[in-house]
Amino acid sequence: MGSLNLLILACLGYVVVLFGVAFAADRLALRGRGARLLGSPLIYTLSLSIYCTAWTFYGAVGYAARSGLEFITIYLGPTLVMIGWWWGLRKLVRIGRSQRVTSIADLISARYGKSNLLAIGVTVLAVIGVTPYIALQLQSITLSVGAFAEADPSRSYNDTTTVFWVAAGLAVFAILFGTRNLDANERHHGVVTAIALEAVVKLVALLAVGIFVVWGLAGGIDGALMRIDASEIGEWHVDGGRWAAITFLSAAAFVCLPRMFQVMVVENEDERHLRIAAWAFPLYLMLISVFVVPIAAIGLDLMPAGANPDLFVLTVPLSQGQQGLAVLSFLGGFSSATSMVIVAAMALSTMVSNHIVMPAWLRWRGEGATVSGDVRNIVLYARRLSIAAIMALGYFYYALSGGGAALAAIGLVAFAGIAQILPALVGGLYWRGATRP
């Protein structure tokens, strides 16, 4: 069986499993069963892994190949937040629960005089910042499928078609499990459980590739260290100002990204889960980054000049004839991309429908619309259309930008854009007399 055929079968099977897990979790939640598992600190901690997108899964190795140990800053920011500011996150969860907020825009609006104009500003900023990030995830899937297509010349491959169907499939998943009904607490057990499964898949995939590279190609830890020392990555160079800036941006993004707010605050069922996540999530980040440098160093040594280092996690196993490991690596990157896109689309659709679509619809219908029996259905339709529109924006951004290195660099730009929300968020947490200007 060709590489691309094997990949397609594995991908379809994996998607079916995700749908099955999400559907089963939703059914258990509706029946009032499985509360101990669905609302466990393990599921909660694993759901935080949507911070680790395809930019992290693939891009961390590429980052290390280009800039050495600077990639650590992407993990250092959220680690410092979880360990050094978990009590601030607990306050965030408490305020979110007491005021029944459904998004970060909702929280900031509620803390500043219930200003919908402010909520609209946060929503627009979030959509602008996250849309290129969604395109980046679509690009990562396209590049990884393209790597398999190069190894299987018997099959034709069109990257634009691949991106379209991936975007459409993710939109369907987000609509099916993110807008099935209106929960007063806005919790989505099916999606969160599927994300927890994807967290395990991407961790196992990266560890498997790392173990193969270190013990299968380098001959063990000593051999891997020798390869690292012989490469440019082995040079210890720290630009203090740059490291501090990127660490701060990653910390701010960890708190302010709509998808992180969704899983950390909105989906939280017990604030005590943060105590466990405060050490368990940094441990997850450490495990998922432990083999980044060896993969980067050995990839630079083995792969031909000009090879894309962002794909070393995938292309190194392929170059050694390890198709099964390469497919597992692809599923890890696929999990990283899909979990981010699904939750981001859900979170942004809630913000768009609550603060832009519904106020406009209620104003158009007049004063009596607030008690109309069809408002509930209008909200659901607004969210579904918003998800479709957000995915379309990501797809068109990818198509118009043409992908490439310019798109790959958008991660930090998105972080910088979202970080603009941080002062208002922190002010809302600690400034008791907060009012809108």
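**Exercises on salt bridges and a buried helix**

Glu-271 is buried (under 20% relative accessible area, where over 50% is exposed and in between is partly exposed, with a 1.4 Å probe and protein chains only), since its relative accessible area is 18%. This is a predicted model, in which local features need pLDDT of at least 70 and side-chain atom pairs count only at pLDDT 80 or more, while totals for chains, interfaces and linings use all residues; pLDDT is the predictor's confidence in each residue, from 0 to 100. Residues are numbered from 1 along each chain as its sequence is written, and side-chain values use heavy atoms, with hydrogens and water left out.

**Exercise 1.** Find the salt-bridge partner of Glu-271 and describe what the pair connects.

*Step 1.* A salt bridge requires a side-chain nitrogen of Lys or Arg within 4 Å of a carboxyl oxygen of Asp or Glu. Glu-271 meets this rule with Arg-94, whose closest N and O atoms are 2.8 Å apart.

*Step 2.* Glu-271 sits in the loop between α14 (258-266) and α15, and Arg-94 in helix α7 (residues 86-98), so the pair ties together parts 177 residues apart in sequence. Helices here are DSSP runs (H or I, at least four residues), numbered from the N terminus.

*Step 3.* Arg-94 is partly exposed, at 43% relative accessibility.

Notes:
Helix = DSSP H or I, 4+ residues; strand = E, 2+ residues; numbered from the N terminus.
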